[in-house]
Amino acid sequence: MPGMTRLCRDQGVNMKQKIAEEAARLLTEAGTVDYAWARRKATQRLGVSRERELPDMMMIETAFRNYQQLFRPQDISCVAVQHEAAAEMMSWLEPFSPHLAGPLARGISAPRADILIYVYADSPKELVFTL
């Protein structure tokens with residue numbers, strides 16, 4: 001039965017890949033980078049409920065990047081635009097040691113994706129008054 005174990009394992013990996021690809025398609029259509037939402041939707045559409053068959057977020061991110069390159073190369077240009085907007089905002093927030101985070105920090109974005117910037121302040125009021 002060793003062949004059966006390998007077959008089951010291969011099917012699990014294949015299902016993870018199918019879920020990741022479906023999630024990538026959903027992300028591209030929605031113009032967002034909400035991986036958790038896309039994974040939930042993809043598992044519902046494919047009828048998967050077992051935790052071990054779910055792809056991790058990096059697998060979804062890789063599938064998303066590949067899907068964009070193949071089917072929506074125009075969406076890739078929004079990374080540069082959002083990076084420019086983030087850089088401008090970060091220079092304005094310089095006193096608060098801004099840090100770019102999320103998918104944009106890894107060079108991934110979508111037309112309606114949020115820009116995530118962490119800031120640090122001794123008091124939240126300082127930031128509120130600056131904004």
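This is a predicted model: local features need pLDDT of at least 70, side-chain atom pairs count only at pLDDT 80 or more; totals for chains, interfaces and linings use all residues.
Trainee: Where is Ser109, then, and is Ser109 buried or exposed?

Mentor: Look in the loop between β1 (99–101) and β2 (116–118). Helices (H or I, at least four residues) and strands (E, at least two) are DSSP runs, numbered from the N terminus. Buried means under 20% relative accessible area, exposed over 50%, and partly exposed in between (1.4 Å probe, protein chains only). Ser109 has a relative accessible area of 1%, so Ser109 is buried.

Trainee: How do I read a pair of packed helices?

Mentor: You describe two packed helices by the angle between their axes and the distance between the axes. The axes are lines fitted to C-alpha atoms, for helices over the stretch in contact, and angles run from 0 to 180 degrees between N-to-C directions. Here, the axes of helix α2 (residues 35–46) and α3 cross at roughly 90° and come within 10 Å. That makes α2 roughly perpendicular to α3 (under 35 degrees is roughly parallel, over 145 roughly antiparallel, 65 to 115 roughly perpendicular, the rest oblique).

Trainee: Which residues in α2 and α3 meet?

Mentor: On the α2 side you'll find Tyr35, Ala36 and Arg39; on the α3 side, Met57, Ile60, Glu61 and Phe64.

Trainee: How many aromatic pairs does the structure hold?

Mentor: Rings of Phe, Tyr and Trp (its six-membered ring) pair if their centres lie within 6.5 Å; planes under 30 degrees apart are stacked, over 60 edge-to-face, and the rest tilted. The structure holds 2 such pairs. Tyr35 and Phe64 have ring centres 6.5 Å apart and planes at 70°, so they are edge-to-face. This pair links distant parts of the chain, with Tyr35 in helix α2 and Phe64 in helix α3, 29 residues apart. Both Tyr35 and Phe64 are buried. Tyr67 and Phe71 make a tilted pair, 4.6 Å centre to centre with 45° between the planes.

Trainee: Is Phe71 buried or exposed?

Mentor: Phe71 counts as exposed, at 52% relative accessibility.

Note on methods:
Residues are numbered from 1 along each chain as its sequence is written. Side-chain values use heavy atoms; hydrogens and water are left out. Contact means heavy atoms within 4.5 Å.
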